[in-house]
Amino acid sequence: DHQTILRAWAVKDFAPNCPLYVQILKPENKFHIKFADHVVCEEEFKYAMLALNCICPATSTLITLLVHTSRGHTAPWEAFRQLTGTKQTLNRESQQSPEQWQKMYGRCSGNEVYHINLEESTFFAEYEGKSFTYASFHAHKKFGVCLIGVRKEDNKNILLNPGPRYIMSSTDICFYINITKEENSAFKKQEKHRKNHESKLSYHGASRLPVHSIIASMGTVAIDLQDTGCRGPSGATLALPSEGGKEGRRPSIAPVLEVADSSSLHTCDLLSDQSEDETTPSDDEVSAGLEYAKGYPPYSPYIGSSPTFCHLLHEKVPFCCLRLDKGCQHNYYEDAKAYGFKNKLIIVAAETAGNGLYNFIVPLRAYYRPKKELNPIVLLLDNPPDMHFLDAICWFPMVYYMVGSIDNLDDLLRCGVTFAANMVVVDKESTMSAEEDYMADAKTIVNVQTLFRLFSSLSIITELTHPANMRFMQFRAKDCYSLALSKLEKKEREKGSNLAFMFRLPFAAGRVFSISMLDTLLYQSFVKDYMISITRLLLGLDTTPGSGFLCSMKITEEDLWIRTYARLYQKLCSSTGDIPIGVYRTESQKLTTSESQISISVEEWEDTKDTKEQFSCRGNHRNSTSSDQSDHPLLRRKSMQWARRLSRRAPRHSAKTAEKINQQRMNLYRRSERQELAELVKNRMKHLGLSPAGYDEMNDHQNTLSYILINPSPDTRLELNDIVYLIRPDPLTYVPNAAPSRKDSFCNAVGQDTREETQL
């Protein structure tokens, strides 16, 4: 950073009018280059993305795909079919393939953020004077584009989803997500053709537009608008509408209003939850003193951090109480279970508590996060934190630290890994200077692999120095599926793809991240000067009054009535004003051939089956297993009985056959790896005085895959457990008679003029 700062000063001295784009590592060095036109601080973005990954899965992958220019092409299916050895036929005309997830994921990866002036736009010009949510929904319904934000002509601030009360103006600059920008789309060409033949093609409503045939060919489904009344404020976000109309019709959804009706428009569920928290705290919260205030953190660990409205404690916590594993005069808790947290933990494993780690805590304690959904944060640090860092975090609720390492099982158990929902492993700076460049991630990868084997249901998010090393994450030696993906990655790299690794399962699922993936963010700002601002707003690094925030919602069985993404879009726009931008989907991995949790491989069982059939034909032993034993390799007890009888009663064979049988017998006697690991963990917990009740046989998620669909087509079917990314309107926008205003509160809290920093 010191060299970068000096170079920036040199350029500014030699060519003061030259636009300056700077990328630095540490956030405390930002104020030295505040004169630059565009600045990207790696640690700020890194920690904010890792934090959002814990509450909005795969946010790092979402942002990476948005800031990269991708062709949006699907993978070469014939090559993939040959590599995986599948025998299914491939029908290109119907676009069917054995890997449907790659087809959808690859197509949606081509979406990027673009901008256009409203009065010059074919997509948005007709929505002048209409509400923002009305324009966003109908533009997506007609053209498949996702309007996410606007900017006034005379204002530099970008507003993400300003809400249904924002009225579109002809001079507004619209920001939208699409495969290509409007100027290069078929709709724009069709619009020019229509203008040239205006005398022949008169306008007779939306159904007579020249682009209507194109829209129909896209498979856009019609939305049922039978219910013209707005839904009341009660009920869940996707509550089933009241029955009405003809029998047999699918449930109807309220239309999106052109202009928000203040009498019927209710605030989002988030705001109602917050008001309920503030007005009627539960008895448990009162007795435990968990009533939080909302305000700006009184202390920041570095100069240049953007103030964020957060959940704060009324009084700062003594430093002794921040230590999770050490009791003090204020409390006697020495492990995570003793605290009795209602929500699961988020554990961050880092080498040191740098200033950038502050940006991991702030997005998770932002004012728009419901208080009842706040997760306790535990910082597992190799080295004790400095006093100035403790001064910054002692005002946040449920934030603790512990000195330890992830390569020590005892430290992991003390910090509550068995009660954690997510564990974030941050790349260590000391390992970046390895003699072999790609060996910098070696220790991190092996430690994460150990975590994966010990706690298979734990969601582990890892930062790597080199993206190429993601192929070793959750490594399995005999995995033909991963091998096929590796060969595809090589072919994509040979073709010059800048996202050759995008089909790797850890990246698609958002379980791995490298800061080098954000290098293109600075490059894209050459032609899209708004990309850094939009990314900071999405990550919660900056807050602008009236601008929305990124969150997520899970599709449950009660929500499946919504059926399609287009109907979900309408439901959210007509009720809460949320704008969906994508879907995170998890499904079974059908082509996995690895059986890592059993002791006997498939090949060994085939040999066992052949040997069994040979002996049964000779009649030298009784049939102690069922005829389909080889189809059930997990029936270990019967297998061991068969092996014992086989060893006692089988006749003598050649030395080679005897050696093979001996090896099979040893494999069958070998205890399950899962049982050994579970016993190891429970013994350590008992030794530490921890109750093993918190650790059970965790579910194995190795046979599932997850991926992101950015701005999917309107007719995309929703599935159970889909997680939808939302841009939710600013709750403070809807608070009536809010006094003092956000700007006044901020100026009072900071005590100085901050217009240059926040552009309020």
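1. A quick definition before anything else: a residue is called buried under 20% relative accessible area, exposed over 50%, and partly exposed in between, with a 1.4 Å probe and protein chains only as cover. Keep in mind that this is a predicted model, where local features need pLDDT of at least 70, side-chain atom pairs count only at pLDDT 80 or more, and totals for chains, interfaces and linings use all residues. Numbering runs from 1 along each chain as its sequence is written, and side-chain values use heavy atoms, leaving out hydrogens and water.

2. Lys 495 counts as exposed because its relative accessibility is 52%. It sits in the loop between helix 17 (480-494) and helix 18 (505-508); helices (H or I, at least four residues) and strands (E, at least two) are DSSP runs, numbered from the N terminus. Together with Arg 471, Lys 487, Lys 490 and Lys 491, Lys 495 forms a positive surface patch. Patch members have over 30% relative accessible area and no salt bridge, and like charges are joined within 9 Å, while nonpolar side chains (Val, Leu, Ile, Met, Phe, Trp, Tyr) are joined within 5 Å.

3. Now the salt bridges, meaning a side-chain nitrogen of Lys or Arg within 4 Å of a carboxyl oxygen of Asp or Glu. The whole structure has 16 of them. One joins Glu 126 and Lys 142, with the closest N and O atoms 2.8 Å apart. Glu 126 is in the loop between strand 3 and helix 6 (132-143) and Lys 142 is in helix 6, so the pair ties together parts 16 residues apart in sequence. Glu 126 is partly exposed at 42%, whereas Lys 142 is buried at 15%.

4. Asp 578 and Arg 728 also meet in a salt bridge, at 3.0 Å from N to O. This pair links distant parts of the chain, 150 residues apart: Asp 578 is in the loop between helix 21 (565-575) and strand 16, and Arg 728 is in strand 18 (residues 723-728). Both residues are buried.

5. On to the sheets, where two strands pair if DSSP finds at least two bridges between them. Four strands make an open antiparallel sheet in the order 3-6-4-5. Strand 3 (112-117) and strand 5 (159-160) are at the edges with a single partner strand each, so one side of each lacks a neighbour in the sheet. Strand 4 (residues 146-151) is joined to strand 5 by two bridges, and Val 150 has Leu 159 as its bridge partner.

6. Gly 582 has Ile 710 of strand 17 as its bridge partner. Six of the seven residues in strand 17 (residues 704-710) are buried.

Note on methods. Areas by Shrake-Rupley, 256 points an atom, 1.4 Å probe, with all protein chains shown as cover. Lys, Arg positive; Asp, Glu negative; His and termini not counted. Charge placed at Lys NZ, Arg CZ, Asp CG, Glu CD.
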